Amino acid sequence: MASAEDQAAAAALLGGDPAAFDALLSTLMSASNADRAAAEAAFHRLRGSHPEPLALRLASSLSAPATPAELRAMAAVLLRKLLSPTPSSDSSAAAPVPLWPLLSPAGQAALKSHLLSALQSDPPKPIAKKVCDAISELAALLLPENTWAELLPFLFQAASTPEAPNLQESALLIFARLADYIAESLLDHLMTIHNLLASALAHQTSPDVRIAALSAAVNLVQCLPTNADRDKMQDLLPAMMRALTDCLNSAQEASAQEALELLVELAGAEPRFLRRQIADVAGAMLQIAEATQLEDGTRHLAVEFVITLAEARERAPGMMRRLPQFVGRLFQVLMQMLLDVEEDAAWHTAETEDEDAGEGNNYGVAQECLDRLAIAIGGNAIVPIASELLPQYLSAPEWQKHHAALITLAQIAEGCAKVMLKNLEQVVSMILNGFQHPHPRVRWAAINAIGQLSTDLGPDLQVQYHQKVLPALANAMDDFQNPRVQAHAASAILNFSENCTPEILTPYLDGIVGKLLVLLQNGKQMVQEGALTALASVADSSQDHFNKYYDAVMPYLKAILMNATDKSNRMLRAKSMECISLVGMAVGKEKFRDDAKQVMEVLMALQGTPMETDDPITSYMLQAWARLCKCLGQDFLPYMSVVMPPLLQSAQLKPDVTITSAESDDEIESDDDSIETITLGDKRIGIRTSVLEEKATACNMLCCYADELKEGFFPWIDQVAPTLVPLLKFYFHEEVRRAAVAAMPELLRSAKLAVEKGQAQGRDESYVKQLSDYIIPALVEALHKEPETEMCSSMLDSLNECMQLSGRLLDENQVRAISDEIKNVIIASATRKRDRVERTKAEDFDADEGELLKEENEQEEEVFDQVGECLGTLIKTFKASFLPFFDELSVYITPMLGKDKTAEERRIAICIFDDIAEQCRESALKYYDTYVPFLLEASNDDNSDVRQAAVYGLGVCAEFGGHVFRPLVGEALSKLNNLIRHPEAQHPDNVMAYDNAVSALGKICQFHRDGIDVTQIIPAWLGCLPIKDDKIEAKVVHDQLCSMVERSDADILGPHRQYLPKIVSIFAEVLCNGKELATDETTARMVNVLKTFPPDFLASSFSSLQPQQQLMLQSILST
């Protein structure tokens, strides 16, 4: 109950005289913290004790024209917050209760009426906007319940009154905000709405009404449920575009930019709405982009519109590629924008922060857009356009044009990689010419292009052009007049060597390492940093070839680590850590051991000193420790107690997230580079990326330690598992999820090995079960919610490893949950595939889109492959007791055998049945009728992997199928014979299928002897031996043959033992191949068999062998 004092205060504030309440509103805006806090407390008390009078007083202040403007605005903001309170960022605080349900029916009616009359009172623009916000919030609450019947008639009326432009604008803005809630209810009135919007879009005098109408039209089109409904709005498009051009023609660029932002939104959400008039729309946008007299911001939005359309692959595949002339014009605009760069002395001083000195607004936009355009449109469309424009730019006298051409090449490489690889010589010579240009910024751009192409066109570029590129980069490192060019050349060495084999790199190492050592001693920090990064990469790529440089390089690296202690040198010191640890890994533990101790002393001392949150050393140190651990292995264990506490702290960082309403005016600090903003539904979320990157690095390192130290990591599992398991569903950052997923099997393996080796501090197998019970259900749940296809594959892979490690520790409920989730994965994958098939039916679908779809489908096959692996593990672990689960899944797996499925899908489905037949034996016989006909058919499939899986399965069925398989022996022999006798059977692509067919033939010989003609089949089988490519199958088959000979199998030895010389030569060949084709046990038994034969018989049997093989056998048999 409120005290009498509070009641009196409330009565004074909410009584007849508005002055006291106005004073409260005024104090809520006070600059004095104390006054404002007191006013806020009074307001909260009123909200708690008198919600209805408070709401009505706010509404009447808002609707009374006599109230001062700033107080009306404040009243509107407060009312909106009461109607729709935003959740507190403090998760422990109770959620605020919305005010509306607390009001009486009379109070509710009065509030609605006040809000509408506030709009009709023609308030100033800023207040009108806030009233619109409040009405929209309330309407979003009430319209779904149909409890504000008078709102839509009011809006229709207001939106149709051109003589009251402010009211018309407000009504249209509310329409725009509520489109989502009212689209369904407007379907019967679409033509009325259409006409209302058409007339508002053409308002004679008010650009604001036109923009509001555009906003309403754009939102409505997005919210209509079907294409047919959207088509009814189609003829508004010219008027929508006119709203934009009218603003431009009357020099109202701010309004034009609003219009452009709305049209960009439309292009992203409903590109097909624009399709019929795409030529007019895209043409108009390009005119804006080409109009250099307009503001940069206006032109950038027009460019954004066209690029957004190009990127709308899922909704309108291939649409922009049908308009090559527009793509060409856009490309030209972007290249011209790249000319917005000028001389700037700061660039030449090579201080890191001046990297973009001299670049204008257009330059960065053009760079980003060229990259996006190339990825969206693809090389087939972009390269011909570039081939026309680049030579023009490269033959011009201005250095800016040469610079622009080289920057363009770098930016389009990722999207055009396949096509550029076909013209690689031309591209490389264009760039290498730039290395000779007199202007240092052009040389810098040429180096930049080589660096980018080394990544995007590697390793082809490295293999074909190392002899031209590496000397050019080495020369550039001698450019002491231009330290920024030197530093960039060192960075390009990094890109080049990342995609390079030691064989390519080694001949150049003397020159490169020598120059990098010179740069390390340079006065410019940027040059030293570039040299360190390059050295690290060169060491990493050349591995033990780097040994000879170790003694020359390591003292310099240690000197930087020890001495670069100043704050301005933080990055230099961080990079020295990276370089030392990579060099250590390259040369190995023995060479690095003594220096490693010194380096770790420095790192331990650093670890103990407090660091600023943005200090790069933190992240570099986390990675350096992990590399040192990889290099030193178990010798690293004593340092773990130093490394782990800060590492766990970094892995446990909470994401720094700000959530605001997408519509609100509270801007997240968007100028802060470290904050990334995403809009989800009606919420805008700002995330500080630096925190996420540190967290991701830490999680990756935890995974590295567990992987490297195995059982040695055991003491940390109890802290690491609860840190990483919840991160399986960390949707803010994919890298964090990826690391958590990869760590799960490593943690289980560590625990299992520690228990097995007695290093688990007294814990037994129940601890492994407890950990498995924690990890596996969490993985299954995360898999269920995972949005990314590629991550689903990784999760299944991780789950499979965890199941292999847990084995029969898994209980029935867990197996059911896994099995159900596998079903969900298959269904979700099939749905994605169906959606892709739908995309192929789009009007503009073309070969480039087909190529991209193929890549997406390959990712889908990877998911199904992992499904097969998981099922294989469950079948091997639980054998026949898994069959009830398999029966539920088989309705999803059997269709994968169909002719309409890809070869990979058929292969995986066959492998799953092979596992069932092999592991479940007689319990699997009931499936033969369904699956064996598929195996027989697939034995002669066009795809060799499918053939291999099928004939392997026939061998399994021959071994375990008994009487069920017997009637099929004839057909199986015919299929195997076709495969074995095929002229290309032993081609490298086919030989694995051949080896498995020979193995299956052997099993038929062994298990179905009475169903075959032994005089034909056995010599044919022996004639195929030994098999040499499928090493696993070879060991099985050769052991089988050895057993048959040991028991003097008459059919195998042949009439009058006539096959014996052939058998002896098979044994001889197997023995000459060491351990490749038979186990030690089998080879020992073969030797014993051979020793039972007379020496002269052996000698004649060996005569067909090579002399060195004969010598080898004599030596084997004589020991």
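Analyst: Ser61 sits in helix H4, which covers residues 51-63; helices here are DSSP runs of H or I with at least four residues, strands are runs of E with at least two, and both are numbered from the N terminus. The model is a predicted one, in which local features need pLDDT of at least 70 and side-chain atom pairs count only at pLDDT 80 or more, while totals for chains, interfaces and linings use all residues. Residues are numbered from 1 along each chain as its sequence is written, and side-chain values use heavy atoms, with hydrogens and water left out.

With a relative accessible area of 4%, Ser61 is buried, a label that means under 20% relative accessible area, as against over 50% for exposed and the range in between for partly exposed (1.4 Å probe, protein chains only). Once its neighbours within four places in sequence are set aside, Ser61 is in contact with Phe21, Asp22, Leu25, Thr67, Arg72 and Ala75, where contact means heavy atoms within 4.5 Å.

In the protein as a whole, 54% of the 1119 residues count as buried, and the chain forms 54 helices and three strands. The C-alpha trace spans about 125 × 75 × 65 Å along its principal axes. Among contacts between residues at least 6 apart in sequence, 72% join residues at least 24 apart. The protein is divided into domain 1 (1-26 + 42-84 + 106-148) and domain 2 (1033-1118), with bounds that come from an automatic or database domain assignment; the C-alpha centres of domain 1 and domain 2 lie 99 Å apart.

The largest nonpolar core has 409 residues, and those with the most contacts inside it are Phe636, Tyr705, Phe713 and Trp1021; such a core is a set of buried Ala, Val, Leu, Ile, Met, Phe, Trp, Tyr and Cys residues joined through side-chain atoms within 4.5 Å. Helix H21 (residues 399-422) supplies the largest share of this core, 13 residues, and at least three residues are drawn from each of domain 1 and domain 2. Not counting residues up to four places away in sequence, Phe713 touches Met640, Met644, Leu702, Tyr705, Ala706, Val720, Leu747 and Ser750.

Two of the loops contain a cis peptide bond. One joins Gly458 and Pro459, with omega about 0°, and Pro459 is found in the loop between helix H23 (440-456) and helix H24 (460-476). Another runs from Leu1025 to Pro1026, with omega near 0°, and Pro1026 is found in the loop between helix H48 (1014-1023) and helix H49 (1031-1046).

Ala251 has a phi of about 60° and lies in the loop between helix H13 (237-249) and helix H14 (253-269), where Ala251 is exposed, at 65% relative accessible area. Arg921 has a phi of about 45° and is placed in the loop between helix H42 (903-920) and helix H43 (928-938); at 41% relative accessibility, Arg921 counts as partly exposed.
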